[in-house]
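Thanks for asking me to look this one over. My notes are below, in numbered points.

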Amino acid sequence: MFSKQVFAQRLIELRKLHHETQGELGGALGVKQTAICEMERGRKTTTAEKIALLCRHYHVSADYLLGLSDDMNGGCERWTEEE
């Protein structure tokens with residue numbers, strides 16, 4: 001089952017793992033830093049489009065990011081940078 005808290009924690013972990021600030025991640029997604037802050041606090045989520053961008057940006061599966069799986073890379077091996 002989806003949990004905002006799991007999504008928030010995984011987003012924080014991925015951002016820090018990639019040494020990004022909230023502002024840098026916001027720029028990559030086309031949102032303000034405050035939107036990233038709200039997601040990381042578990043107060044808000046985002047659109048399916050932004051989730052897809054997050055998954056592509058960090059090369060993780062949506063199931064992992066949303067807390068539906070613990071397999072970080074499930075299904076991501078077919079992604080290429082050109083897509």
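1. Which residue just after helix 2 takes a positive phi? G30 does, with a phi of about 80 degrees. Helices here are DSSP runs of H or I with at least four residues, strands are runs of E with at least two, and both are numbered from the N terminus.

2. Before going further, some ground rules. This is a predicted model, in which local features need pLDDT of at least 70 and side-chain atom pairs count only at pLDDT 80 or more, while totals for chains, interfaces and linings use all residues. Residues are numbered from 1 along each chain as its sequence is written, and side-chain values use heavy atoms, with hydrogens and water left out.

3. On the overall layout, the chain has five helices and zero strands, in the order α-α-α-α-α from the N terminus on. Of its 83 residues, 34% are buried (under 20% relative accessible area; exposed is over 50% and partly exposed is in between, with a 1.4 Å probe and protein chains only). Among the contacts (heavy atoms within 4.5 Å) with a separation of 6 or more, 56% join residues 24 or more positions apart.

4. Helix 2 covers residues 22–29, and its buried residues are Q22, L25, G26 and L29. They line one face of the helix, because seen down its axis they fall within an arc of 105 degrees (taken from the directions from the helix axis to the C-beta atoms). What covers them includes helix 1 (4–17), helix 3 (33–40) and helix 4 (48–58).

5. How do helix 2 and helix 3 pack, and at what angle? The angle is about 105 degrees, and the axes are 8 Å apart; axes are lines fitted to C-alpha atoms, for helices over the stretch in contact, and angles run from 0 to 180 degrees between N-to-C directions. That makes the pair roughly perpendicular (65 to 115 degrees; under 35 is roughly parallel, over 145 roughly antiparallel and the rest oblique). Helix 2 brings Q22, G23, L25, G26 and L29 to the contact, and helix 3 brings Q33, I36, C37 and E40.

6. The largest nonpolar core has 15 residues, and F7, L11, L25, L54, Y58 and L65 have the most contacts inside it. Such a core is a set of buried Ala, Val, Leu, Ile, Met, Phe, Trp, Tyr and Cys residues joined through side-chain atoms within 4.5 Å. Helix 1, helix 2, helix 3, helix 4 and helix 5 (62–65) each give two or more residues to this core, and helix 4 gives the most, with four.

7. Two residues are worth a click. L25 touches L11, R15, E20, I36, L54, H57 and Y58, not counting residues up to four places away in sequence. R15, in helix 1, is buried, with a relative accessible area of 9%. Leaving aside neighbours within four places in sequence, R15 is in contact with E20, T21, Q22, L25, E40 and Y58.

8. Please also check two backbone angles. Most residues other than glycine have a negative phi. H19, however, has a positive phi near 55 degrees; H19 sits in the loop between helix 1 and helix 2 and counts as exposed at 70% relative accessibility. H59 also has a positive phi, near 55 degrees; H59 lies in the loop between helix 4 and helix 5 and is partly exposed at 36%.
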